[in-house]
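Please keep the sequence and the structure in view while reading.

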Amino acid sequence: MRTLFPAVWPAMAGLCIAGVYGCTKEAGSTPASPSSFVVAFASDSAGRSAAMTDYRTNYLGSAVASVGWTGHSSDCDQGDTPDSVKARELQRLNYFRRLCSLPPVTLNRDYTLKAQQAALMMKDNDALDHYPPLTWKCFTLDGQLAAANSNLTLGVSGPDAIDLYISDPGVTTLGHRRWALYPALAEVGTGDTDFTNALWVIGGFGARPSNTFTAYPGSGYIPAPLVYSVWSFSVSAADFSSASVTVSDSTGFAYPVTLSLTDRGYGDNTLGWTFQQDFSSLKTDLRLDVTVSGVRVDRALHSYKYTVYIMAV
């Protein structure tokens, strides 16, 4: 059985990964046949144009000058942020999910009210903790519950917090990304101060989409500035211990990659890798064909192929 663990982010990163105790169904005992999954995606000028419009409208267009927090630390007033700010956070999160061919999420008001209390607690104590003690300033049980079920930031709030969860800098588990891009995620809550964010990501699950895997970057177009240093590939209940990854361009050149196995317990099981190259500031478009092989699921080995088109912007 797979257990979902809470984890504390390195203090300098200003993040903390959501986690509650629970489990998921064990893999079946019947051997499955080996198979290969190929996600076909053809590039064309119309598709690139649509992807660029999506980026400008729903990524760049979701920025806010201020989260407009109305609370006060001195009297433990949790305050609130305008609905328009919450909508922008949801807009940005759903943009990232769309890059991975995942369904959108909606805002759960109860989660959001509790997440607002968690955000205040993190701000007033200048710390991140999924299980804040009773001795914390501005402690509430609802805030503690939200902290246990949320990704947390310190020093960043609003839509910018979503970027931090997806990029997951310096975090070997990629836990924030994995929960934000969890295929079955259907409802979230979000709370903000001017200095913190709590994004409730545990519990609001729905039916899993039919996607065979979740990759970031995913199959299709992605703007170069959003190609972060660590790429990831997730499959539910997969064993990546014998997996290999090949990434090549249209000339056949294979880019060297460094693989990293991530801990289980944060969304789907995930394999990460890094490159020697930085693709985030490309001046011309680049096609990369990705093959992930040797992935064991239900006692059978599987391979997956997809294509990432990095757009210069």
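## Terms and basis of the model

Helices (H or I, at least four residues) and strands (E, at least two) are DSSP runs, numbered from the N terminus. Val247, for example, is found in strand 13, residues 244-248.

The model is predicted, so local features need pLDDT of at least 70 and side-chain atom pairs count only at pLDDT 80 or more, while totals for chains, interfaces and linings use all residues. Residues are numbered from 1 along each chain as its sequence is written, and side-chain values use heavy atoms, with hydrogens and water left out.

## The disulfide

A disulfide is a covalent bond between the sulfur atoms of two cysteines. A search of the whole structure finds 1 disulfide. Its partners are Cys76 and Cys138, whose sulfur atoms are 2.1 Å apart. The pair links distant parts of the chain, 62 residues apart: Cys76 is in the loop between helix 1 (45-59) and helix 2 (83-99), and Cys138 is in the loop between helix 3 (109-125) and helix 4 (141-148). The angle about the S-S bond is -80°, and the link of Cys76 and Cys138 is left-handed.

Cys76, at 40% relative accessibility, counts as partly exposed, whereas Cys138, at 13%, counts as buried. Cys100 also counts as buried, because its relative accessibility is 6%.

## Aromatic rings

Rings of Phe, Tyr and Trp (its six-membered ring) pair if their centres lie within 6.5 Å; planes under 30 degrees apart count as stacked, over 60 as edge-to-face and the rest as tilted. By this rule the structure has 24 aromatic pairs. One of them joins Phe213 and Tyr306 in a tilted arrangement, with 5.2 Å from centre to centre and 40° between the planes. Phe213 lies in the loop between strand 9 (196-200) and strand 10 (214-216) and Tyr306 in strand 18 (residues 300-311), so this pair ties together parts that are 93 residues apart in sequence. Both residues count as buried: Phe213 has 11% relative accessibility, and Tyr306 has 2%.

How are the rings of Phe233 and Phe240 arranged? Their planes are at 85° and their centres 6.2 Å apart, so the pair is edge-to-face. Phe233 is buried at 0% relative accessibility, and Phe240 is buried at 5%.

Ring pairs also link Tyr55, Tyr59, Tyr95, Phe96, Tyr216 and Tyr228 into a cluster. Over the face of Tyr59 lies Arg92, at 4.4 Å from the ring centre. A charge sits over a ring if NZ of Lys or CZ of Arg is within 6 Å of the ring centre and within 35 degrees of the ring normal.

## A helix pair

Two packed helices are described by the angle between their axes and the distance between the axes. The axes of helix 2 and helix 5 (residues 159-167) come within 8 Å and cross at roughly 25°. Helix 2 is therefore roughly parallel to helix 5. Angles under 35 degrees count as roughly parallel, over 145 as roughly antiparallel, 65 to 115 as roughly perpendicular and the rest as oblique. Axes are lines fitted to C-alpha atoms, for helices over the stretch in contact, and angles run from 0 to 180 degrees between N-to-C directions.

## Backbone details

Most residues other than glycine have a negative phi, and most peptide bonds are trans. The peptide bond from Tyr216 to Pro217 is cis, with omega near -5°. Pro217 is found in the loop between strand 10 and strand 11 (220-223).

Asp168 has a positive phi, near 50°. This residue belongs to the loop between helix 5 and helix 6 (175-180) and is buried, with a relative accessible area of 1%. Arg299 has a positive phi near 70° and is found in the loop between strand 17 (286-297) and strand 18. Arg299 counts as exposed, at 52% relative accessibility.

## Contacts across the sequence

Val247 is buried, at 0% relative accessibility. Val247 and Asp289 are 42 residues apart in sequence, and their C-alpha atoms are 5.5 Å apart in space.

Lys283 is placed in the loop between strand 16 (269-275) and strand 17, and is exposed, with a relative accessible area of 76%. The C-alpha atoms of Lys283 and Met311 are separated by 8.6 Å, and the two residues are 28 residues apart along the chain.

Notes: A disulfide is a pair of cysteine sulfur atoms within 2.5 Å. Buried means under 20% relative accessible area, exposed over 50%, partly exposed in between (1.4 Å probe, protein chains only).
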